Amino acid sequence: MTEVAPSYFLVLAALLFSIGVVGALTRRNAIVIFMFIELMLNAVNLVFVTFSRMWGNLDGQVLVFFVLVVAAAEAVVGLAIILLITRRRESANVDDAHLLRW
Amino acid sequence: MTIGTLVFGVAFIVALGSAIAMLFARNAVHVALFLVAVQVALALTFLLQGAFFVAAVQIIIYAGAIMVLFLFVVMLLGVDRSEALVEPLPFQRPLALGLGALLAAGILYLAAAGIDAASTITGDGSGALLALNRDPGNVLALARVLFSRYLLPFEATSALLVAAIVGVMVLARRVGSISAVPRISPAEEREVA
């Protein structure tokens, strides 16, 4: 086990999560937005592993599995939807899909 | 400075640098490759904290399977398609940056406060985790927790995966398009050209 304090890992996770939020807000390509959401999920996984180490039990590491399963299901369904939108509109730009916007 | 500190420093710099590079990469394939770099660096931090099996799963499933799926869709839609540079909302980019910085400051403050509170109660429990990793082993100990206390959520994830598979098959099916659109054979295509 490393002697690096858990707070450094939490700092890294917080920075990665914030970068993911900024990316998801600023990018326009739907697939790229999806990748930033994956980045946020990864940051949360790091938090879970760090808390598992701080508490000395394995519940946090089990939760990483559930995050992984949900991320896989979300990626599969989301990419299928993006594929359908792109097939119809010829672009993956999220600004083009504004039919339901007020 | 020990080897663990050094490895953490490398993982920190690679993860943070790749994540920032993701923000500025124009090409979707470059963004995907930087994301793979972030995930490999995060697997390194998992290893440092004694989560051996989770680190292996992170590399195999996240950096392997899920990112291949992303790259597959990027290739399917066309790699050379460039992102539109026209901003419909001119203030959105600086606003997102400011709010992101605010969010980072908030999370960091909460993390610092939480660590202060936690250190008075439990401290670092890595000794217990080290014993768990040594005596039954990381995989065995993880399986015991997963298949006893978390058995019901584990079964629920199988339902989630089946639902996702059925949903994607329904989405990807083109209703009646195969019979409706006539296929052109290569010979006919040459004739037309």
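Start by selecting B:Ala15: beyond its neighbours within four places in sequence, B:Ala15 is in contact with A:Leu12, A:Leu16, B:Val38, B:Ala41 and B:Leu42. Contact here means C-beta atoms, placed from the backbone, within 7 Å. The model is predicted: local features need pLDDT of at least 70, side-chain atom pairs count only at pLDDT 80 or more, and totals for chains, interfaces and linings use all residues. Residues are numbered from 1 along each chain as its sequence is written, with chains lettered from A and ligands numbered from 1 in the order in which they are written.

**Stop 1: around B:Ala15**

B:Ala15 sits in helix 1 of chain B. Helices (H or I, at least four residues) and strands (E, at least two) are DSSP runs, numbered from the N terminus. Is B:Ala15 buried or exposed? B:Ala15 is buried, because 27 other C-beta atoms lie within 10 Å. The cut-offs are these: buried takes 20 or more other C-beta atoms within 10 Å of a residue's own, exposed takes 12 or fewer, and partly exposed falls in between, with C-beta atoms placed from the backbone.

**Stop 2: chain A as a whole**

Select chain A. Chain A has 3 helices and 0 strands, running α-α-α from the N terminus. Its C-alpha trace spans about 50 × 25 × 25 Å along the principal axes. Of the 102 residues, 52% count as buried. Among contacts between residues at least 6 apart in sequence, 47% join residues at least 24 apart.

**Stop 3: helix 2 of chain A**

Select residues 30-55 of chain A, which form helix 2. Helix 2 has 26 residues and reaches 38 Å from its first C-alpha to its last, close to the expected 38 Å at 1.5 Å a residue. The expected span is 1.5 Å times one less than the number of residues. Helix 2 of chain A is mostly covered, with 21 of its 26 residues buried. Next comes A:Gly56, with a positive phi near 75°.

**Stop 4: the nonpolar core**

A nonpolar core is a set of buried Ala, Val, Leu, Ile, Met, Phe, Trp, Tyr and Cys residues joined through C-beta atoms within 7 Å. The largest has 68 residues, of which A:Ala13, A:Leu16, A:Ile31, A:Met35 and A:Leu39 touch the most other members. Elements from both chains give two or more residues to this core, including helix 1 of chain A and helix 5 (126-134) of chain B. Which element gives the most to this core? Helix 2 of chain A does, with 15 residues. Zoom in on A:Ile31. Not counting residues up to four places away in sequence, A:Ile31 touches A:Ile82, A:Ala92, B:Ala28, B:Phe70, B:Val73 and B:Val74.

**Stop 5: helix 3 of chain B**

Follow B:Phe70 into helix 3 of chain B, where B:Phe70, B:Val73 and B:Val74 are among the buried residues. The buried residues of this helix pack against helix 2 and helix 3 of chain A, together with helix 2 (28-48) and helix 6 (138-146) of chain B. Helix 3 of chain B (residues 52-77) has 26 residues and reaches 36 Å, close to the 38 Å expected. Look for a bend of about 30° at B:Met67. The bend is the angle between axes fitted to the seven residues ending there and the seven starting there. B:Gly78 follows the helix, with a positive phi near 110°.

**Stop 6: chain B and the contact**

Select chain B: 9 helices and 0 strands. Buried residues make up 21% of its 193 residues. The contact between the chains takes 64 residues from chain A and 71 residues from chain B. Helix 3 of chain A gives the most to the side of chain A that touches chain B, with 21 residues. That side divides into 44 nonpolar, 14 polar and 6 charged residues. Ala, Val, Leu, Ile, Met, Phe, Trp, Tyr, Cys and Pro count as nonpolar, Asp, Glu, Lys and Arg as charged, and the others, Gly among them, as polar.

**Last stop: A:Ser7**

Select A:Ser7 in helix 1 of chain A. A:Ser7 is partly exposed, because 18 other C-beta atoms lie within 10 Å. Leaving aside neighbours within four places in sequence, A:Ser7 is in contact with B:Ala111 and B:Ile115.

Key. Two residues are in contact if their C-beta atoms, placed from the backbone, lie within 7 Å.
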